[in-house]
Amino acid sequence: MATVTFEKATRLYPGSTRPAVDALDLDVEDGEFLVLVGPSGCGKSTSLRMLAGLEEVTEGRILIGDRDVTDMPPKDRDIAMVFQNYALYPHMTVAENMGFALKIAGVNKDERAARVLEAAKLLDLEPYLARKPKALSGGQRQRVAMGRAIVRSPQVFLMDEPLSNLDAKLRVQTRTQISSLTRRLGVTTVYVTHDQVEALTMGDRIAVLKDGVLQQVGTPRDLYANPENVFVAGFIGSPAMNLFHADKADGGIRFGNTIIPLERAALDAASGTAVTVGVRPEDVIVSTTGTEGLPVEVDLVEELGADGYLYGHTEINGQRTDIVARVDGRSHPNAGDRVHLTPKLGHVHAFDTESGLRLVHAIVD
Amino acid sequence: MTAPAGIVTAKRGAAGRILDFFGRGVVNIVLVIVAVFWLVPSIGLALSSLRNSVDNSQTGWWTVFTRPAQLTVDNYTNLLSNSQFMGSFVNTIAITLPATAAVVIIGSLAGYAFAWIRFPGRDWLLVAVIVLLAVPLQVSLIPIAKLYGSIGLFGSILGVIIFHTAYGLPFAIFLLRNFFTQVPGELLEAARLDGASEWRIFSRIILPLGMPAIASLAIFQFLWVWNDMLVALIFTNATSQPITVAIQSQLRQFGANIDILSAGAFLSMIIPLIVFFAFQRYFVSALLAGSTK
């Protein structure tokens with residue numbers, strides 16, 4: 001078991017002017033499940049591959065435990081990786097695939113077989129040990145890839161979107177299996193995904209990246225409740241947070257025909273005459289009778305059983321703005337209705353329009 | 001729902017049968033005709049080699065089917081006791097096996113390096129190798145004959161081996177390099193993380209997965225060298241000549257010594273066939289199935 005530390009780790013591809021990973025500072029604690037998340041091209045996979053030793057570190061350092069592994073070849077780092085496409089050796093059986101690393105390490109045959117069997121039991125792979133990968137289903141292949149990592153009992157697990165090739169149902173199942181398994185084994189895990197739901201459900205902590213730059217690190221709850229900038233606010237949460245420009249007013253910001261109070265300090269800190277306001281769909285109060293708040297025309301209501309999501313639009317300062325609000329699944333306004341929306345007090349996020357940084361530092365309930 | 005579905009199936013069945021006939025039936029017939037066409041001379045040769053010279057000079061080989069009594073293995077017993085022929089047969093083996101092994105070994109090592117190891121000048125070196133493919137063998141016969149003469153390789157088996165190896169390598173490297181690049185990079189990365197050295201990745205991952213290409217290459221090179229006469233005719237002498245040259249030197253007018261020729265030719269033909277059928281099982285596509293996704 002070990003910690004993982006990125007110290008200003010940078011990866012600049014030859015011929016490119018912008019680093020794929022830009023001065024990444026990140027500490028992963030011993031036994032922690034850390035998720036790297038971000039849109040495609042944000043540098044999350046590159047960061048993971050730098051940790052694996054498959055990608056050169058142009059600047060900065062990477063440490064596993066106290067060891068500086070920056071220039072160490074992958075095999076000396078004591079890590080195991082699960083690849084997006086599993087990368088199973090097609091000419092070897094499941095048992096041989098799982099035992100390959102041990103064989104190279106010179107572990108004797110009996111112990112090898114015992115450790116492979118142990119891992120296979122953990123993953124329900126026992127009946128398939130003699131099969132070749134092509135005779136396995138996608139989910140089974142994914143488990144073999146996991147098993148290959150587990151068998152080695154490495155210091156760190158690296159997982160590069162291991163669920164992206166599974167169908168939706170299997171993905172949800174495997175998600176829980178992986179989180180409970182890594183926690184049971186207590187091995188430090190760095191997990192890459194582009195799916196923020198996966199990140200929220202699996203991670204002890206989440207690191208959000210964009211364009212090679214770390215945006216925010218925190219617990220799922222932290223990221224959801226206190227996004228530090230507009231990007232994190234919009235990226236974490238589904239449906240995404242409503243974000244729009246609102247004019248400053250005396251003691252707060254204008255929200256339709258009402259004024260949402262905002263701390264003096266926050267308002268003063270904002271540059272310009274407007275701020276970017278963020279309200280999560282579940283923090284929007286929908287009123288069909290009231291006249292307070294933002295007048296919205298309902299375009300569509302998505303029913304999800306217990307809940308529904310109301311999609312509507314309004315005009316703010318002459319600009320069409322789309323708004324999403326969570327509504328009750330049984331009684332809700334219908335498409336074409338006009339409603340008035342107000343935010344739940346204490347659940348309004350405010351960001352500087354220019355820098356995108358958060359203005360209010362904690363939501364007071 | 002059932003009835004329309006039935007009609008559709010029936011229509012498709014009729015059209016399908018026609019398509020099947022053209023698609024498979026005609027192709028099969030053509031294949032059989034071509035096969036027979038190609039097999040007749042070989043069968044003729046095989047049967048001639050089992051008849052004595054008198055029969056061969058008086059009647060055609062097809063009379064065997066009506067008079068099986070003329071079959072004899074005398075030609076082969078004569079051939080086996082003919083030291084010149086058997087010596088050239090051994091020479092052929094002594095040339096072909098090393099020339100094939102060298103091309104396969106060097107070609108696969110170089111192919112791996114060109115495909116997966118980064119080194120300065122790699123791409124230019126590969127271009128140079130591919131350019132070598134365009135050099136016809138004939139243009140280098142005289143310079144190399146001169147070179148061999150000055151370093152004492154002329155007339156030796158080693159000289160022929162080196163020549164065939166050199167001319168087999170550009171294609172071997174090109175073919176194997178292209179095949180090896182098809183192996184998903186993730187597999188090699190996984191092996192690297194598993195602690196495999198470069199050599200182990202080559203021997204445990206690349207070689208087994210490259211078997212179809214390596215087997216085809218081995219067969220092509222084997223057949224090429226085994227059947228080669230031009231190179232051998234120029235670079236060998238009476239003691240180092242392979243069987244192709246020996247057979248050619250035995251040719252007389254009107255097939256006067258068909259008894260020894262037919263048996264020798266058939267012997268030189270049967271070995272490549274054995275090699276082909278032995279390696280045939282490696283020609284399996286989709287060897288990579290199941291590695292990713």
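This is a predicted model: local features need pLDDT of at least 70, side-chain atom pairs count only at pLDDT 80 or more; totals for chains, interfaces and linings use all residues.
User: Let's start with chain A. What's the strand order in the open sheet of five strands?

Analyst: The order is β13-β12-β11-β14-β20 in chain A. The pairing is antiparallel.

User: Which strands stand at the edges there?

Analyst: β13 (258–261) and β20 (349–352) of chain A. Each has a single partner strand, so one side of each has no neighbour in the sheet.

User: And how much are neighbouring strands turned against each other?

Analyst: By 45° on average, ignoring direction.

User: How many bridges join β14 to β20?

Analyst: Four, in chain A. β14 covers residues 274–279, and the two strands run antiparallel.

User: Now the six-stranded sheet. What order, and what pairing?

Analyst: β6-β7-β8-β3-β9-β10 in chain A, with mixed pairing. This sheet is open too.

User: Which strands have a single partner?

Analyst: β6 (79–82) and β10 (213–218) of chain A. They stand at the edges, so one side of each is left without a neighbour in the sheet. The twist from one strand to the next averages 15°.

User: In what sense do β3 and β9 pair?

Analyst: In the parallel sense, over four bridges. In chain A, β3 is residues 33–37 and β9 is residues 205–210. A:L34 has A:R205 in β9(A) as its bridge partner.

User: Which helix packs on that sheet?

Analyst: Helix α4 of chain A, residues 138–151. It touches β6 and β7 (156–160) of chain A. The direction of α4 makes about 180° with that of β6(A).

User: Switching to helix pairs. How do α2 and α3 of chain A cross?

Analyst: At roughly 130°, with axes that come within 9 Å. Here α2 is residues 94–105 and α3 is residues 109–122. That angle makes α2(A) oblique to α3(A). The crossing is right-handed.

User: Which residues make the contact?

Analyst: From α2(A), A:A95, A:M98, A:G99, A:L102 and A:K103. From α3(A), A:R112, A:R115, A:V116 and A:A119. By class, the contact has five nonpolar, one polar and three charged residues.

User: Over to chain B. At what angle do α7 and α10 pack?

Analyst: About 160°, with their axes 10 Å apart. In chain B, α7 is residues 157–181 and α10 is residues 211–227. The two helices are therefore roughly antiparallel. α7(B) passes α10(B) in a right-handed crossing.

User: Who meets whom?

Analyst: α7(B) brings B:H164, B:G168, B:A172, B:L175, B:L176 and B:F179. α10(B) brings B:A213, B:I214, B:L217, B:Q221 and B:V225. The classes are eight nonpolar, three polar and no charged residues.

User: What about α10 and α13, what's the crossing angle?

Analyst: Roughly 180° in chain B, with axes that come within 10 Å. α13 spans residues 258–279. That pair is therefore roughly antiparallel as well.

User: Which residues are in that one?

Analyst: B:A215, B:A218, B:I219, B:F222, B:L223 and B:W226 of α10(B). Across from them, α13(B) gives B:I271, B:P272, B:V275, B:F276 and B:F279. By class, this contact has 11 nonpolar, no polar and no charged residues.

User: Where are the domains in chain B?

Analyst: Domain 1 is 14–74 and domain 2 is 82–287. Their C-alpha centres lie 31 Å apart.

User: How many residues are in contact between them?

Analyst: Seven from domain 1 and six from domain 2 of chain B. On the domain 1 side, α1 (2–48) and α2 (53–58) of chain B each give two or more. α1(B) has the largest share, three residues. That side divides into two nonpolar, five polar and no charged residues.

User: Last topic, the contact of chain A with chain B. How many residues from each?

Analyst: 25 from chain A and 21 from chain B. On chain B's side, α8 (185–193) and α9 (198–209) each supply at least two. α8(B) gives the most, six residues.

Note on methods. Residues are numbered from 1 along each chain as its sequence is written. Chains are lettered from A and ligands numbered from 1 in the order in which they are written. Two strands pair if DSSP finds at least two bridges between them. Axes are lines fitted to C-alpha atoms, for helices over the stretch in contact, and angles run from 0 to 180 degrees between N-to-C directions. Angles under 35 degrees count as roughly parallel, over 145 as roughly antiparallel, 65 to 115 as roughly perpendicular and the rest as oblique. A crossing is left-handed if the near helix is turned anticlockwise from the far one by less than a right angle, and right-handed if clockwise. Two residues are in contact if their C-beta atoms, placed from the backbone, lie within 7 Å. Ala, Val, Leu, Ile, Met, Phe, Trp, Tyr, Cys and Pro count as nonpolar, Asp, Glu, Lys and Arg as charged, and the others, Gly among them, as polar. Domain bounds come from an automatic or database domain assignment.
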